[in-house]
Amino acid sequence: DNLNMARQEYLYQQTPAADTPGKSHSRADWVRQGWFLLLALVLLAELFTPFLVWPLRLPRIILGVVEIALAMTVFATFIYMLKEDRVPRAVLLIIGLSLVWSLSPMIEGQSLAATAWGWWGMFKYPFLALFAYLVQGWPPDFARRFFRFCIGLLIFQIIVQLIMFALGFPIGDSLAGTFGLKGVMQFTMLVFFIVSLGLGHWLATYERKTLLLILALGLLGSTLNATKFYLIGVGILAAATLLIHLIRGGQIRQLFIYIVLIAGAAAVFIPIYNSYLVNAMGLKPLQEYLNLETAGNYIFTDGSGNGDLTYNIGRGLAITYGWQQIQRDLTTTLFGFGIGTRSQSELLGIRGSVLQEDVYGVGVTTMGTWIQEIGVVGMLVFMTICLWMATKMFQYARRVVDPYRATLAYGLMLFTLFWPLWQWYHKAWTAGVMMTLYWVAIGYIFNQIYATGRRRRVGRRIGRLS
């Protein structure tokens with residue numbers, strides 16, 4: 001079947017082969033392409049500008065490089081669509097969603113700048129998927145290169161963490177590689193994305209070493225920045241992987257070794273966390289969070305004021321508070337206050353109309369913000385899109401022969417299915433590096449999915465003619 005063929009292809013691809021001059025020229029050629037250079041600019045800006053601001057203390061205005069690079073990509077996307085007279089249906093979907101959720105705040109007097117900034121925050125990264133989808137020159141081995149790059153990037157980030165730790169930076173939210181001050185969210189979302197790809201690689205090939213390496217790296221990095229959620233997140237992803245494995249007709253005994261290893265990782269992580277981090281930083285032991293009262297207090301805390309009427313509220317309170325806010329009337333419950341109403345830009349001096357009157361200030365999670373901006377209907381639309389994308393990628397992963405394309409499809413499917421979890425956990429929609437890698441990979445995979453469909457339709461037409 002396809003899985004066995006993928007395994008054989010994977011084993012075959014691991015056999016080194018000498019590069020021919022033609023291959024080397026081809027590789028150098030696509031690296032010099034404009035689309036590649038533009039995507040590389042976005043990724044490099046996302047990776048290093050936070051580190052330039054902290055700890056290197058360059059002016060915060062340098063963060064604007066990221067927005068400029070993303071704007072160039074969006075502009076290039078529209079130019080390509082005009083040039084080729086080709087408009088993907090996703091563009092029509094974005095236009096429709098934009099019109100529906102921009103109408104209310106504009107009617108109620110929100111500034112055009114606030115609405116535009118909210119729209120930009122919501123759609124700037126999905127436009128990377130459109131850009132990648134329209135690229136016609138993807139190299140045949142892009143999926144393999146992308147997967148290996150992600151692993152290399154995780155290794156690089158952990159090396160930076162270790163260097164910072166050796167230089168005296170304390171363990172905590174800011175010991176987060178190149179992601180700057182309080183960069184733990186960016187780091188953690190990158191880790192979960194790469195763990196998803198690692199689990200996808202196992203589903204595609206049953207190869208263990210790469211998955212174990214990724215899990216070990218994620219555990220080390222999460223220990224250095226005191227991320228308590230790592231084992232929970234990995235456990236949830238692993239459970240979903242088990243379910244997918246069983247749906248495909250796999251056997252439970254093949255996963256027994258991973259269950260043992262995850263349990264072993266927990267046995268290592270928890271004593272280290274408790275013995276060092278609890279004593280050094282005054283944090284609570286992990287086992288205390290198993291107590292419902294302690295967990296409830298942590299999730300539903302209202303934080304503490306920091307002098308400008310903003311609070312570090314808990315993830316649970318962010319959701320319940322957002323739900324309470326949209327109970328103003330039925331229309332607001334269904335559609336929220338509209339795009340941009342809870343968005344802000346300190347650099348541009350923009351604040352959404354609802355945010356201006358909010359005692360808690362900017363929300364701590366994407367879900368807490370989105371519930372207020374797009375309401376119940378908007379959240380249901382988003383989850384429907386996620387389910388559709390996951391279904392298409394699952395179908396593609398099962399039929400594709402190339403194990404690395406199957407790796408990306410399975411990994412992206414896993415990550416996509418848990419968008420509600422990532423949105424509840426943090427401001428995941430603003431995790432620039434993860435979002436850049438995720439949406440570029442989404443665009444690439446759907447490029448492959450629909451390219452395969454087009455080839456099949458052409459084949460059927462040729463068959464009928466012959």
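Predicted model: local features only at pLDDT ≥ 70, side-chain atom pairs only at ≥ 80, totals over all residues.

Residues are numbered from 1 along each chain as its sequence is written, and side-chain values use heavy atoms, with hydrogens and water left out.

**Exercise 1: aromatic pairs**

Solution. Start with the rule: rings of Phe, Tyr and Trp (its six-membered ring) pair if their centres lie within 6.5 Å, and planes under 30 degrees apart count as stacked, over 60 as edge-to-face and the rest as tilted. By this rule the count comes to 38 aromatic pairs. Next, locate them: Phe48 is in helix α3 (residues 34-53) and Phe156 in helix α8 (residues 142-166), so their pair ties together parts 108 residues apart in sequence. (Helices are DSSP runs of H or I, at least four residues, numbered from the N terminus.)

Now check the cover: buried means under 20% relative accessible area, exposed over 50%, and partly exposed in between, with a 1.4 Å probe and protein chains only. Phe48 has 31% relative accessibility, so it counts as partly exposed, and Phe156, at 34%, counts as partly exposed too. Phe415 is buried at 0% relative accessibility, and Trp419 is buried at 1%.

**Exercise 2: Leu167**

Task: is Leu167 buried or exposed, and where does it sit?

Solution. First, find the place: Leu167 is in the loop between α8 and α9 (184-205). Then take its relative accessible area, which is 65%, so Leu167 is exposed.

**Exercise 3: the second largest pocket**

Task: which element gives the largest share of the lining of the second largest pocket?

Solution. A pocket is an open set of points on a 1 Å grid over the protein atoms alone where a 1.4 Å probe fits, with protein on both sides within 12 Å along at least five of seven lines; lining residues have an atom within 4 Å of a point. The second largest pocket holds about 870 Å³ of space. It is lined by 34 residues, and those closest to its centre are Ala90, Leu93, Ile94, Ile385 and Met389. The largest share of the lining, 9 residues, comes from α17.

Notes
Helix = DSSP H or I, 4+ residues; strand = E, 2+ residues; numbered from the N terminus. Points joined across faces, edges and corners; volume = space filled by probe spheres on them.
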